[in-house]
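Trainee: Please take a close look at the aromatic rings for me. Then place them in their surroundings.

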Amino acid sequence: MRTSKLLTILALAGALSAFSSFAAAKTCSVEIAGNDQMQFDKTSIAIAADCTEVELTLKHTGKLPVTAMGHNWVLTKTADFQSVATAGASAGPANNYVPKDDARVIAFTKLVGGGESTSIKFSTSKLEKGGDYTFFCSFPGHWSLMKGKLTFGG
Ligand code: ZN
């Protein structure tokens with residue numbers, strides 16, 4: 001009798017801890033827009049420490065086609081950003097101007113043209129709290145203007 005009660009309590013505690021680890025998953029939404037003036041509407045993005053996943057939506061609020069004024073959103077460590085931007089230009093539009101299978105790329109969206117939008121999800125397990133990250137558009141010539149800082153936690 002006493003043993004079965006203990007087992008019930010243990011089973012309940014197990015279920016509760018399984019539930020709480022599930023409840024700790026948190027998707028945080030971020031929106032950013034690019035325009036025909038080669039600008040993002042944000043120069044910084046702060047991801048709260050308790051976000052386990054980021055859902056990022058990129059909107060192109062302009063009218064120009066993707067071939068003339070395409071925008072994407074690429075995230076790297078700040079130390080990697082210029083070399084990835086250069087490699088992205090070589091990768092070409094078929095690869096969204098993002099180097100293929102490159103471990104320096106933490107997350108990226110496809111290219112969008114005027115009036116289009118796209119969304120991606122990525123895990124914050126790839127980010128270090130307090131790390132130094134830069135987001136940018138890797139369309140050739142855009143990254144000098146279209147860039148900003150991303151922070152996680154702290
Ligand atoms: Zn762009």
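Mentor: Buried means under 20% relative accessible area, exposed over 50%, partly exposed in between (1.4 Å probe, protein chains only). By that cut-off, both tyrosine 97 and phenylalanine 139 are buried. This is a predicted model: local features need pLDDT of at least 70, side-chain atom pairs count only at pLDDT 80 or more, and totals for chains, interfaces and linings use all residues. Residues are numbered from 1 along each chain as its sequence is written, and side-chain values use heavy atoms, without hydrogens and water.

The whole structure holds six aromatic pairs (Phe, Tyr or six-membered Trp rings, centres within 6.5 Å; planes under 30 degrees apart are stacked, over 60 edge-to-face, the rest tilted). One of them joins tyrosine 97 and phenylalanine 139. Their centres are 5.2 Å apart, with 70 degrees between the planes, so the pair is edge-to-face. It links distant parts of the chain. Tyrosine 97 sits in the loop between helix 3 (81-91) and strand 5 (107-108). Phenylalanine 139 lies 42 residues away, in the loop between strand 7 and strand 8. Helices (H or I, at least four residues) and strands (E, at least two) are DSSP runs, numbered from the N terminus.

Elsewhere, Phe40, Trp73, Phe122 and Phe135 form one aromatic cluster.
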